[in-house]
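Please look over the sequence and the structure below before reading on.

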Amino acid sequence: MRRQKKRKGDFMLDYRYQTFLVLADHLNYTKAAAVLSLSQPTVTKHIQYLENDLGIKLFQYQDRNLELTRKGELLRDRLILINRQINDLLRTLTTHSEQPDFTIGVSRTIGEYYLPNHTSLFGKEQNIRLHLLVENTEQLSAFLYQKKIDFALISGPVKSNDFEKLPFFEDEILLICAPEHPLSGKTVDYGQLSEQHLLLREQGSGVSDTVEKYLYQENHSLDTFHKVSRIGNIQLMKSYIKNNDGIGFLYRLSVEEELKEGSLSIITLKNFSMKQAYYLTYLKQSKKQRDIDAVLTTFFATS
């Protein structure tokens with residue numbers, strides 16, 4: 001059995017409780033195992049150990065959906081509070097400078113396209129010391145729970161009620177194709193895409209979650225497309241689209257240069273308007289207002 005790597009500050013929280021918190025967030029053993037880089041049986045053993053040790057049931061199935069029991073909800077809420085208090089104490093004890101030190105998680109679109117063009121993080125005197133970690137939206141949410149990051153800049157829906165979310169930018173999601181594609185520059189109905197190969201970001205990315213949520217609300221689905229392929233790298237996805245190997249949904253921010261130079265084109269969908277806010281997120285009640293203000297000033301004063 002692979003044990004989760006113990007991090008500084010985790011000495012007061014057993015690694016099995018970390019597993020519990022991630023499963024409580026995702027309510028899916030497979031997803032929790034992927035986030036924690038553990039096998040699904042290992043996640044199950046961790047939960048069974050806690051339930052046997054505490055003598056309570058933490059999870060239950062309701063109509064095939066995994067849910068927290070009332071005592072499981074209570075444990076989750078108390079553990080999150082304890083984690084916050086431990087981290088605040090450790091930061092106070094280990095800080096050797098008055099300058100705050102934060103690890104900020106950023107989604108890939110924000111990291112690659114928003115920050116370089118809308119901020120000057122390292123080009124001026126800052127009031128905080130920054131460490132940036134780039135991942136997709138789903139992974140960043142898990143990192144917030146696990147205390148691997150202090151804040152997250154997320155370009156997608158914020159699914160958990162445990163997070164505060166402060167919007168700072170709104171982007172449009174476009175259907176992109178090569179200039180020589182038969183639908184390039186045209187306005188079409190969604191049903192006319194049935195013969196198309198759709199390229200989409202990986203599950204858990206903000207743009208992918210937004211597209212699937214929007215299609216569901218509009219009584220559409222990805223099943224309309226002849227073929228759907230997932231690509232985790234934005235640049236690689238754009239390269240395939242440029243080669244006319246498929247069409248894809250991407251944030252406008254990530255394709256602005258290609259649209260200006262003419263190497264990519266837009267397919268306009270009738271009665272479709274997909275927009276998504278970008279958020280600064282953090283666990284509720286986990287941050288002092290001065291820290292929040294410091295991050296807001298650093299990232300968004302020049303936006």
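## Glutamine 276

In this predicted model, glutamine 276 counts as buried because its relative accessibility is 8%, and the cut-off for buried is under 20%. Glutamine 276 lies in strand β12.

Two polar contacts involve its side chain. One joins the side chains of glutamine 276 and threonine 210 at 3.0 Å. In the other, the side chain of glutamine 276 reaches the backbone oxygen of glycine 156 at 3.4 Å. Neighbours within four places in sequence aside, glutamine 276 is in contact with Ser155, Gly156, Pro157, Phe169, Glu170, Asp171, Thr210 and Tyr251.

## Helix α10

Helix α10 covers residues 289-300, which makes 12 residues. From its first C-alpha to its last it reaches 16 Å, close to the 16 Å expected at 1.5 Å a residue.

Which residues of α10 are buried? They are Asp291, Ile292, Ala294, Val295, Thr298, Phe299 and Phe300. An α-helix has 3.6 residues a turn, so residues three or four places apart point the same way. The cover over the buried residues of α10 includes the strands β3 (101-106), β4 (129-134), β5 (151-154), β6 (163-177) and β12 (275-283), as well as helix α5 (108-118). Strand β12 is also where glutamine 276 is placed.

## The nonpolar cores

In soluble globular proteins, nonpolar side chains tend to be buried together. Here the largest nonpolar core has 51 residues. Within this core, Ile104, Leu153, Leu193 and Phe249 have the most contacts. Strand β6 gives the most to the core, with 6 residues.

What does isoleucine 104 touch, not counting residues up to four places away in sequence? The list is Leu130, His131, Leu132, Leu133, Phe151, Leu153, Val295 and Phe299. Val295 and Phe299 are among the buried residues of α10.

## The whole chain

The protein chain has 10 helices and 12 strands. Of its 303 residues, 50% are buried. Among contacts between residues at least 6 apart in sequence, 76% join residues at least 24 apart.

The accessible surface of the chain is about 15,700 Å². Carbon and sulfur atoms account for 45% of that surface.

Terms used. Residues are numbered from 1 along each chain as its sequence is written. This is a predicted model: local features need pLDDT of at least 70, side-chain atom pairs count only at pLDDT 80 or more; totals for chains, interfaces and linings use all residues. Side-chain values use heavy atoms; hydrogens and water are left out. Helices (H or I, at least four residues) and strands (E, at least two) are DSSP runs, numbered from the N terminus. The expected span of a helix is 1.5 Å times one less than its number of residues. Buried means under 20% relative accessible area, exposed over 50%, partly exposed in between (1.4 Å probe, protein chains only). Contact means heavy atoms within 4.5 Å. A nonpolar core is a set of buried Ala, Val, Leu, Ile, Met, Phe, Trp, Tyr and Cys residues joined through side-chain atoms within 4.5 Å. Accessible areas come from the Shrake-Rupley method with a 1.4 Å probe; for residues, only the protein chains shown count as cover. A polar contact is a pair of N or O atoms within 3.5 Å; within protein, one must be able to donate a hydrogen and the other to accept it, and residues adjacent in sequence count only if both atoms are side-chain atoms.
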